[in-house]
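Hi everyone, thanks for coming.

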2 protein chains.
Amino acid sequence: MARLAAYKQHHEQSEGACAHAIGQSEKAERALAQSEAICRAHGVRLTPIRRKVLETLYATRRPLGAYDLAEALAPDGRRLAPVTIYRALEFLIEQGLAHRLASQNAYIATFHDDHETTAFLICEECGDVNEINPDALSSTLAGLVQAEAFRPHARFLEITGKCSQC
Amino acid sequence: MARLAAYKQHHEQSEGACAHAIGQSEKAERALAQSEAICRAHGVRLTPIRRKVLETLYATRRPLGAYDLAEALAPDGRRLAPVTIYRALEFLIEQGLAHRLASQNAYIATFHDDHETTAFLICEECGDVNEINPDALSSTLAGLVQAEAFRPHARFLEITGKCSQC
DNA sequence: GGCCGAAATGATACTTTGTTGCAAAAACCC
DNA sequence: GGGTTTTTGCAACAAAGTATCATTTCGGCC
Ligand SMILES: [Mn+2]
Ligand SMILES: [Mn+2]
Ligand SMILES: [Zn+2]
Ligand SMILES: [Zn+2]
């Protein structure tokens, strides 16, 4: 099953129009507004396609593959070509609005912004992803790369396992 | 260019039969001997295919894709099917003899064994990979996942950037 | 408003990476 | 040697990502 379909099914079964869904969608609204602001500040354009991809990532709150996104953005018919999705994702990642989860071949919206080191705890059971940005990890890592005279560019810190619920 | 071909070309040009190549191949010999011991201890078999894959990873000392390995293992003709390579890699990873670099879609031999937390510094310029197993990182990470009541399984800690040489 | 260069999107084909399912062979155990 | 488990072979397939070039849209400028 595609990731998005799997998520929708779970969500309908387990929650329906649950209370916290409203809180979540409000969160997503705020995040989107802030994303607009960030793009304005960076002098780049959050075009309709890019915005829709970001909206979908925020709404789902789970890692989605590029092809999942293509499907999600074309419920009627006429789906976007893969390259279009990849270009939007590249943009969002450059602007710090999304992350690539390399271990999952998937992408997820940024929920805590303005951190140089982000790690993800990925539940293998329920698919939930917990983005953490602890200062302790940042400083530990900074010390290590400095000791090796390594100049870091991108970081992929992903830990799979079971979350507290599972 | 395939990763293995690129590496070979670089290696021939920059070093030829250089002095430390002997030291490296001795290291690889020892690592292989130890791998045999580990498999015996685990009660699993380091079959010829698995051994050849591991040998190639040790000899190259760089991340190689599954298809690079298939090519490397069939210089004459008759290359192994992808699934055969993937099965060997799965085995080696299970036994802790190799790692998957998810951010590179590639695999690399384990050089420091018996560490629960391994991070890789991956140079985007020369392709060199530095495996580090610092206690500081292990304990920082252990604290974080414990705080989230997360039970970790696999860890993908990969940092791309420029190494001290580049 | 019309024009221009730059940025973004569309269309199409293609490459690379990884998987499924089942059959044959080899190793292990007794 | 016979039965079982493990490993490998084979073929087709699916998923993920990229290359190339044409077309459209946008932003600034006159
Ligand atoms: Mn919910
Ligand atoms: Mn050398
Ligand atoms: Zn879970
Ligand atoms: Zn380098």
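Let's begin with a loop in chain B: N105(B) sits between β1 (98-101) and β2 (106-109) of that chain. N105(B) is not a glycine, and yet its phi is positive, at about 45°. Its relative accessible area is 43%, so N105(B) is partly exposed. For that term, buried means under 20% relative accessible area, exposed means over 50%, and partly exposed is in between, using a 1.4 Å probe and protein chains only.

A quick word on the ground rules. This is a predicted model, in which local features need pLDDT of at least 70 and side-chain atom pairs count only at pLDDT 80 or more, while totals for chains, interfaces and linings use all residues. Residues are numbered from 1 along each chain as its sequence is written, chains are lettered from A and ligands numbered from 1 in the order in which they are written, and side-chain values use heavy atoms, with hydrogens and water left out.

R61(A), which is not a glycine either, has a positive phi of about 60°, and R61(A) belongs to the loop between α3 (48-60) and α4 (66-72) of chain A.

Now, the two chains together. How is chain A laid on chain B? A turn of 180° with a shift of 0.0 Å along the axis does it, giving an RMSD of 0.1 Å. The superposition is by least squares on the C-alpha atoms of residues with pLDDT of at least 70 in both copies. The two copies are thus related as by a two-fold rotation axis. In chain A, L157(A) has the C-alpha nearest that axis, 2.3 Å from it. The same surface serves both copies, since 100% of the contact residues of chain A recur in chain B. Contact, by the way, means heavy atoms within 4.5 Å.

Next, the metal sites. Which residues supply the protein donors of the zinc ion (ligand 3)? They are C123(A), C126(A), C163(A) and C166(A), each through SG, lying 2.2 to 2.4 Å from the ion. Donors are N, O and S atoms within 2.8 Å of the metal (3.2 Å for Na, K and Ca), and water is not among the atoms, so sites may look incomplete. Around this zinc ion (ligand 3), the four donor atoms subtend angles of 105 to 114°, which makes the arrangement tetrahedral. To count as tetrahedral, four donors need all angles between 85 and 135 degrees.

The donor residues of ligand 3 follow the spacing C-x2-C-x36-C-x2-C in sequence. C123(A), in strand β3 (residues 119-123) of chain A, and C166(A), in the segment after β5, are 43 residues apart and link distant parts of the chain.

The UniProt record, an unreviewed entry, has a "binding site" annotation covering C123(A), C126(A), C163(A) and C166(A). They span 44 residues in sequence, yet no two of their C-alpha atoms are more than 8.1 Å apart, so they gather at one spot. Bear in mind that UniProt annotations may be inferred rather than shown by experiment; their positions are in the numbering used here, and feature names are shortened.

Are these cysteines buried or exposed? C123(A) is buried, at 3% relative accessible area, and C163(A) is buried at 9%. C166(A) is partly exposed, at 34%. Leaving aside neighbours within four places in sequence, C163(A) touches C123(A) and C126(A), and also A149(B), F150(B) and R151(B). On the same terms, C166(A) is in contact with C123(A), E125(A), C126(A) and R151(B).

Chain B has its own site: C123(B), C126(B), C163(B) and C166(B) coordinate the zinc ion (ligand 4) through SG at 2.2 to 2.4 Å. The angles there are 106 to 113°, making the arrangement tetrahedral.

Last stop, helix α6 of chain B, residues 135-147. Its 13 residues reach 18 Å from first C-alpha to last, close to the 18 Å expected at 1.5 Å a residue, where the expected span is 1.5 Å times one less than the number of residues. The buried residues of α6(B) include L137(B), L141(B) and V145(B). Among the elements covering the buried residues are β3 and α6 of chain A and β5 of chain B. Just after α6(B), A149(B) takes a positive phi of about 55°.

Definitions and conventions:
Tetrahedral: all angles 85-135°; square planar, octahedral: opposite > 155°, others 65-115°. Helix = DSSP H or I, 4+ residues; strand = E, 2+ residues; numbered from the N terminus.
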